[in-house]
Amino acid sequence: MLNDTSNIPEISDIPEATRETIAPKTASSFSVVRLGVAGVVIGVIVIAIIALLVRPSKQISEPVSQEVIPQQPDAATELPAESNPVEVEEKEVAATETEAETEAETVDNILGHLPYEQVAESELSPITADGSIRLHKAAANKFMEMQGAARNQGIILTPLSGFRSVEDQDYLFFDVKEQRVQDATKRAEVSAPPGYSEHHTGYAIDIGDGKVPATNVSPNFEKTAAFRWLEENAARYSFELSFPPDNPQGISYEPWHWRFVGDRKSLETFYKARKLKIDDK
Ligand SMILES: [Zn+2]
């Protein structure tokens, strides 16, 4: 047992310790050497890389200096910012052009009323038995058709005014203006100046409710059965309200005033090349 115990520690302690300690030491020394060599190699490589990187860094710095030059073009892009005033000037030119256009458009109306040619007498056709009220033939036919359809439903559409000559309108505008002690602007809210009435075309008609004549040519006409019927059915006969509430011409709401737009000529009369920008009012 003593031998065993003495032998075991002697054998086990000395060789194992030396072997174990030496082997790691030698291994570590080898690894250190290897690491040293590798470090040198890596160092050389790193230096080489750094040497390579320095040149590219110079090359990069040169583009940087070139970027500095583009920074002057950036200042040149600030010049486009200065050229923005050119765009502004162009916009100003465009603005003046549109102003010129709106001026040209506003020249073409009086107090919101647009100019209309007076239809030839030969184009007119009566819509009342006594012939006192006439419309353009196409509009006359459609109105009487519409009037008949309304009558079948108990609605009496009474024509109050159709075609009016420029002379008729002259009286309506100026004489009535004086009678009512109105200035031109006030008069124009409810009546067109001569030469500027849709009634000149023969396509416009003022309609009343035959059962409620008190509402003739009155805003109250919109409360009548005739008006409600027209709202629902007039488009079937190509009649439309000329001056609805808040119309672009700035004319007072006229629920009694309808116009025919059921053929090419009438449509062109009211819609061709009309750029209404009469928002000044
Ligand atoms: Zn009218």
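**View 1. Helix H5 against the sheet.** In this predicted model, helix H5, which spans residues 225–233, lies across strands S3, S4 and S6. Relative to S4, the direction of helix H5 runs at about 135°.

**View 2. The open sheet and its strand order.** Four strands form an open sheet in the order S3-S4-S6-S5, and their pairing is antiparallel. Strand S3 (157–161) and strand S5 (239–241) are the edge strands, each of them pairing on one side only. From one strand to the next, the twist averages 45°.

**View 3. The pairing of S4 with S6.** Strand S4, comprising residues 204–209, and strand S6, comprising residues 257–260, pair in the antiparallel sense over three bridges. Within this pairing, Asp206 stands opposite His257 in S6.

View 4. Helix H2 covers residues 137–151, a run of 15 residues, and reaches 21 Å from its first C-alpha to its last, which is close to the 21 Å expected at 1.5 Å a residue.

**View 5. Leu111 in the loop between H1 and S1.** Most residues other than glycine have a negative phi. Leu111, although it is not a glycine, has a positive phi of about 55°, and its place is in the loop between helix H1 (2–107) and strand S1 (124–126). Leu111 counts as partly exposed because it has 18 C-beta neighbours inside 10 Å, whereas a buried residue would need 20 or more.

**View 6. Asp246 in the loop between S5 and S6.** Asp246 is likewise not a glycine and has a positive phi of about 55°, and this residue is found in the loop between S5 and S6. With 7 C-beta neighbours inside 10 Å, Asp246 counts as exposed, the limit for that class being 12 or fewer.

**View 7. The whole protein, for orientation.** The secondary structure of the protein comes to six helices and six strands, which follow the pattern α-β-β-α-β-α-α-β-α-β-β-α when read along the sequence. Of the 281 residues in the protein, 23% are buried. Among the contacts with a separation of 6 or more, 66% are accounted for by residues 24 or more positions apart.

Terms used
Residues numbered from 1 in each chain as written. Predicted model: local features only at pLDDT ≥ 70, side-chain atom pairs only at ≥ 80, totals over all residues. Pairing = 2+ DSSP bridges. Helix = DSSP H or I, 4+ residues; strand = E, 2+ residues; numbered from the N terminus. Axes fitted to C-alpha atoms, helices over the stretch in contact; angles between N-to-C directions. Contact = placed C-beta atoms within 7 Å. Expected span 1.5 Å × (residues − 1).
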